[in-house]
Amino acid sequence: MTKLKLGPLADDKPVKITIEIPASLHRDLAAYADALGRANGQTIADPLKLIVPMLQRFIATDRAFAKTRTRPKPQPDVAETERSG
């Protein structure tokens, strides 16, 4: 069986948000929820619950984003600070 990028979903307290997605993406989320449920032996009643772990996984594995977060912030030039102050 193909290894999916998401593992079992944590039973976490939900936070309500409103989001509009294309119908095709909803169908893909439903299909992914079915596959994930079969792979992990759990039932995922609401495929929209996949959005948060997918976004978390995407952000956690984006190397370019990680580099921007670990790079020190540039310090303003002293002359530049004097001009703006």
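**A helix and its surroundings**

Modeller: A30 lies in helix 1, where helices (H or I, at least four residues) and strands (E, at least two) are DSSP runs, numbered from the N terminus. This is a predicted model, in which local features need pLDDT of at least 70 and side-chain atom pairs count only at pLDDT 80 or more, whereas totals for chains, interfaces and linings use all residues. Residues are numbered from 1 along each chain as its sequence is written, and side-chain values use heavy atoms, leaving out hydrogens and water.

The protein chain contains 4 helices and 0 strands, in the order α-α-α-α from the N terminus. Helix 1 has 18 residues and spans 25 Å from its first C-alpha to its last, close to the 26 Å expected at 1.5 Å a residue; the expected span is 1.5 Å times one less than the number of residues. Just after helix 1, G41 adopts a positive phi of about 65°.

A30 counts as partly exposed because its relative accessibility is 26%. On this scale, buried means under 20% relative accessible area, exposed over 50%, and partly exposed in between, with a 1.4 Å probe and protein chains only. The C-alpha of A30 is 8.0 Å from that of L48, although the two residues are 18 apart along the chain.

Which residues of helix 1 are buried? They are L29, A33, A35, L36 and G37. An α-helix has 3.6 residues a turn, so residues three or four places apart point the same way. The buried residues of helix 1 pack against helix 2, residues 51-60.

The largest nonpolar core has 7 residues, namely L6, L29, A33, L36, I44, L50 and I51. Helix 1, residues 23-40, is its largest contributor, with 3 residues. Such a core is a set of buried Ala, Val, Leu, Ile, Met, Phe, Trp, Tyr and Cys residues joined through side-chain atoms within 4.5 Å. In soluble globular proteins, nonpolar side chains tend to be buried together. Leaving aside residues up to four places away in sequence, A33 touches I44, P47 and L50, a contact being heavy atoms within 4.5 Å.

For the chain as a whole, buried residues make up 13% of the 85 residues. Of the contacts between residues at least 6 apart in sequence, 59% join residues at least 24 apart.
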